[in-house]
Amino acid sequence: MASGTRERILHAMRVVLARGGASAVTLESVAAEAGLSKGGLLYHFPTKEALYAGLLEEAGRSVTETMGELTASRGPVRAFLDYSLPESEFEAAYFTALIAAVRADDCVGAGADAALMEIFHRWERPLLAAVDDPVLAQTIRLVGLGLYLGAVAGLPTPEPEVMTAMFDRLVAQATVFQATVVQPTAAPPLHA
């Protein structure tokens, strides 16, 4: 039950953040959204800082799990690119508010910046480990980050067919590069 209550509180925190931004986050507003008393919330998260720490920890676990699943089914390049677009307006609003809170709100705690950066590193690690060409790896990384940050900022994304073609081209380039790097060259003939 405690784990379920904790998850319900963190979900409520995401809702409050997505709906009203960091200024809407109070212990009372999160408790009300979770359907708990303030005391019930304080049992699991004694401060607003603890709420943010729990939220960032949960986000890090979620990114690791999702990237593991996507990488296993689609490969690291496609997984990274596919994950660059938030799945919903709620997700975009939530991450916009979370990033803004971490960057500006003094109630998120001293380790929040590092925790947020770790979330982004967990997203990009499979890509950077798989693509040996540092220029190509960083190009793919910056495309994904640009799409993600543009989406959470509310900027328009390319048309779906352009997006698909762009992702296909980057995956193909990474695949071709890997094939040329991995392919052993034939040994020269021995002269007798």
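The model is predicted, so local features need pLDDT of at least 70 and side-chain atom pairs count only at pLDDT 80 or more, while totals for chains, interfaces and linings use all residues. Residues are numbered from 1 along each chain as its sequence is written, and side-chain values use heavy atoms, with hydrogens and water left out.

**The whole chain**

Begin with a cartoon view of the chain, which shows 9 helices and 0 strands; helices (H or I, at least four residues) and strands (E, at least two) are DSSP runs, numbered from the N terminus. Next, colour by accessibility: of the 192 residues, 39% count as buried, where buried means under 20% relative accessible area, exposed over 50% and partly exposed in between, with a 1.4 Å probe and protein chains only. Contacts (heavy atoms within 4.5 Å) may then be displayed; among those with a separation of 6 or more, 68% are accounted for by residues 24 or more positions apart.

**The aromatic cluster**

Select Phe80, Tyr83, Phe90, Tyr94, Phe95, Phe120, Trp123 and Tyr148, which form one aromatic cluster. Rings of Phe, Tyr and Trp (its six-membered ring) pair if their centres lie within 6.5 Å; planes under 30 degrees apart count as stacked, over 60 as edge-to-face and the rest as tilted. By this rule there are 8 aromatic pairs. Centre on Phe80 and Trp123, a stacked pair with 4.4 Å between centres and 20 degrees between planes. Phe80 lies in helix 5 (residues 76-82) and Trp123 in helix 7 (residues 112-130), so the pair ties together parts 43 residues apart in sequence. Both Phe80 and Trp123 are buried.

**The largest pocket**

Move to Ser62, Tyr83, Glu91, Tyr94 and Phe95, which lie nearest the centre of the largest pocket among its 13 lining residues. On a 1 Å grid over the protein atoms alone, a pocket is an open set of points where a 1.4 Å probe fits, with protein on both sides within 12 Å along at least five of seven lines; lining residues have an atom within 4 Å of a point. Helix 1 (2-20), helix 4 (48-74) and helix 6 (89-104) each give two or more residues to this lining, and helix 4 gives the most, with 5 residues.

**Threonine 5**

Finally, select Thr5 in helix 1. Is this residue buried or exposed? Thr5 counts as buried because its relative accessibility is 11%. Leaving aside neighbours within four places in sequence, Thr5 is in contact with Leu36 and His44.
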